[in-house]
Amino acid sequence: TKTMPMARGCKKEVVSGVGDEAFFEVCPSAGRLSRTPPLYVKAGTKDLIVQMDIDPPDTEATMRPKVVAVAKAAAAKVR
């Protein structure tokens, strides 16, 4: 999570309350996304990446809370 290079044009969107540190890597898209942006999580000495497929009628916005919930649960388990 600390050394992961960002692709050109991408930005970090910090997510609080998940592990010790967490952020979505949001990159420009030319169309409909098939997956959520990856959520990178630092939990103790472990690094996690959580990403989910987006199937209609879901959208990126409706899937983000689900990604965060899974990341919170996973971060709690790996400590």
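The model is predicted, and local features are reported only at a pLDDT of at least 70, side-chain atom pairs only at pLDDT 80 or more, while totals for chains, interfaces and linings use all residues. Residues are numbered from 1 along each chain as its sequence is written, and side-chain values use heavy atoms, with hydrogens and water left out. The pLDDT is the predictor's confidence in each residue, from 0 to 100. Its average over the protein is 92, and 96% of the residues score at least 70. Where pLDDT is low, the predicted coordinates should not be read in detail. Helices (H or I, at least four residues) and strands (E, at least two) are DSSP runs numbered from the N terminus. Among these elements, the highest mean pLDDT, 97, belongs to helix 1 (residues 60-78), and the lowest, 94, to strand 1 (residues 11-14).

Four strands make up an open sheet in the order 1-2-3-4, and the pairing is antiparallel. Strand 1 and strand 4 are the edge strands, each with pairing on one side only. From one strand to the next the twist averages 25°; axes are lines fitted to C-alpha atoms, for helices over the stretch in contact, and angles run from 0 to 180 degrees between N-to-C directions. Two strands count as paired if DSSP finds at least two bridges between them. Strands of a sheet pair through backbone hydrogen bonds, either parallel or antiparallel.

Strand 2 and strand 3 are joined by 4 bridges in the antiparallel sense. In this region A22 has V41 of strand 3 as its bridge partner, and F24 stands opposite L39 of strand 3. Strand 3 is also antiparallel to strand 4 (residues 46-50), with 5 bridges between them; here K42 is the bridge partner of D47 in strand 4. These two strands form a hairpin with 2 residues between them, and G44 in the turn has a positive phi of about 65°. Strand 3 is largely enclosed by the rest of the structure, because 4 of its 5 residues are buried. Buried means under 20% relative accessible area, exposed over 50%, and partly exposed in between (1.4 Å probe, protein chains only).

A nonpolar core is a set of buried Ala, Val, Leu, Ile, Met, Phe, Trp, Tyr and Cys residues joined through side-chain atoms within 4.5 Å. The largest one holds 14 residues, and V15, V18, F24, L39 and V41 have the most contacts inside it. Strand 2, strand 3, strand 4 and helix 1 each give two or more residues to this core, with helix 1 giving the most, 4 residues. The sulfur atoms of C10 and C27 lie 1.9 Å apart, and the link is right-handed, with 110° about the S-S bond. C10 lies in the segment before strand 1 and C27 in the loop between strand 2 (21-26) and strand 3 (39-43), so the pair ties together parts that are 17 residues apart in sequence. C10 is buried, at 15% relative accessible area, whereas C27 is partly exposed, at 35%.

R35 is found in the loop between strand 2 and strand 3 and is partly exposed, at 47%. The C-alpha atoms of R35 and M52 are 5.5 Å apart. Beyond its neighbours within four places in sequence, R35 is in contact with Q51, M52, D53 and I54.

Note on methods:
Disulfide = S-S within 2.5 Å. Contact = heavy atoms within 4.5 Å.
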